[in-house]
Amino acid sequence: MAKQIRKTYKGEKNDKERTMGKLLAAVGEVLKEKGYTGMTIANISKQAGVDRKLISLYFGSVENLVETYIKGKDYWVGAMAGAVEHFGTLSTEGSKGYLQALLMKQLDHFLIDEEMQKLVTWQISEESDVMDQIVREREKMSALFFALADKELEGRNVDLRAITSLLVAGIYYLVLHARYRKATVSEIELNDAGFDRIRAAVKDILSWAYDIK
């Protein structure tokens, strides 16, 4: 009898996890097909092929579902959250190397992730409580990195926050430009060779910044 109870519970748990996975995947599909304005309970539940009541049952609200999806897709939330435990190693690898690796991975990730491209477009073009919350989480995580980088750069006349902001924003813009516009930027073709030049420039900028006295 005990084994039967465990099997039933496991089945229910697996059904719940499968349904939650379907709903999260459906958010991404709706985002790609209909944009952020199309992320309604009706559209998401239809795409997932499940009863719309399950959104409230498993996530509390469609807003919580979308927030969960975004947290799973957002590069910086994932990268910074996973990095907190490694911040103590900055003394050996240096904040420059660490930041450079994050930016290179951001570029590579953003180039191929269509859903993330849609999310960034949403973030900068529409007011959204969900996106505001995600941005606040990013800032909390990045504050930990900058606090440690400040110690390394103490006494130097460099604004690492401003430099990082320009690099992050530039990567977003160039990738979106490459996706939606068939044109050069500063006479650079935004193809594989062009983005190799961008990567090299990011490394140069960080090297210059860390050489400032």
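Predicted model: local features only at pLDDT ≥ 70, side-chain atom pairs only at ≥ 80, totals over all residues.
1. How exposed is E126 in terms of relative accessibility? The value is 41%, so E126 counts as partly exposed. That class covers residues between the 20% limit for buried and the 50% limit for exposed.

2. E67 belongs to helix α4, which spans residues 62-73. Is E67 buried or exposed? Its relative accessible area is 17%, and E67 is therefore buried, because the class of buried residues takes in values under 20%.

3. Which residues does E67 touch, apart from its neighbours within four places in sequence? The contacts of E67 are V130, Q133, I134 and E137.

4. As for the overall fold, the protein has 10 helices and 0 strands. The pattern along the sequence is accordingly written α-α-α-α-α-α-α-α-α-α.

5. Some totals describe the whole protein. It has 213 residues, and 39% of them count as buried.

6. A last point concerns contacts along the sequence. Taking contacts between residues at least 6 apart in sequence, 68% join residues that are at least 24 apart.

Note on methods: Residues numbered from 1 in each chain as written. Heavy atoms only, no water. Helix = DSSP H or I, 4+ residues; strand = E, 2+ residues; numbered from the N terminus. Buried < 20%, exposed > 50% of the residue type's maximum accessible area, 1.4 Å probe, protein only. Contact = heavy atoms within 4.5 Å.
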